[in-house]
Amino acid sequence: MLVRTTVILLWRLLAAVFVLLALIGVVLPGLPTVPFLLLAAWAAGRGWPALEARLLAHPDYGPVIRRWRAYRAVPRRAKWLSSVMMAGSAVVIFASAAPLMVKIAVPALMLVVAVWMWRRPEY
């Protein structure tokens, strides 16, 4: 009983942290909102069904979460926006005083993420 309660509390804590990060992402440019809400819904589904239901019922983010769960779909607008943001970040990294390894590795990782993202359905 104690172990189950602890596990549920940990899932709820994780869901709350992801919701908090998503809320920060709403007001802080560059920090994504939707990926954190996807993670929050995932964690809430394991220990906080009421929060999961609330996220799924949200008028703006609920459909995105449901489409991700059903089809692993990413809206075209999100693909374009994140691609532009990643390209801008790569330019900033190249112009910075970062070590050469960072100037190579971070844009390469962003390219991998962009390719993966553009291969997702748009439903």
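In this predicted model, helix H2 meets helix H3 through Leu37, Ala40, Ala41, Ala44, Gly45 and Gly47 on the H2 side and Pro49, Leu51, Glu52 and Leu55 on the H3 side. Contact here means heavy atoms within 4.5 Å, and helices are DSSP runs (H or I) of at least four residues, numbered from the N terminus. The residues of this contact comprise seven nonpolar, two polar and one charged; Gly counts as polar, Pro as nonpolar and Glu as charged. The two helices pack at an angle of about 145°, with their axes 7 Å apart. Axes are lines fitted to C-alpha atoms over the stretch in contact, and angles between N-to-C directions run from 0 to 180 degrees.

Residues are numbered from 1 along each chain as its sequence is written. Because the model is predicted, local features need pLDDT of at least 70 and side-chain atom pairs count only at pLDDT 80 or more, whereas totals for chains, interfaces and linings use all residues, and side-chain values use heavy atoms, with hydrogens and water left out.

The largest nonpolar core has 14 residues, of which Ala15, Leu37, Ala40, Leu51, Leu55 and Ile65 touch the most other members. Such a core is a set of buried Ala, Val, Leu, Ile, Met, Phe, Trp, Tyr and Cys residues joined through side-chain atoms within 4.5 Å; buried means under 20% relative accessible area with a 1.4 Å probe, protein chains only.

The largest share, six residues, comes from H2. Beyond its neighbours within four places in sequence, Leu37 is in contact with Ala22, Leu55, Tyr61 and Ile65. A second, separate core of eight residues includes Met86, Ala90, Ile93 and Met110.

Helix H4 spans residues 62-71, and its buried residues are Gly62, Val64, Ile65 and Trp68. Their cover includes H2, H3 and helix H6 (100-118). Just after H4, Arg72 takes a positive phi of about 55°.

The protein as a whole contains six helices and zero strands. Its C-alpha trace spans about 55 × 35 × 25 Å along the principal axes. Of the 123 residues, 27% are buried. Among contacts between residues at least 6 apart in sequence, 57% join residues at least 24 apart.

Note on methods. Buried < 20%, exposed > 50% of the residue type's maximum accessible area, 1.4 Å probe, protein only.
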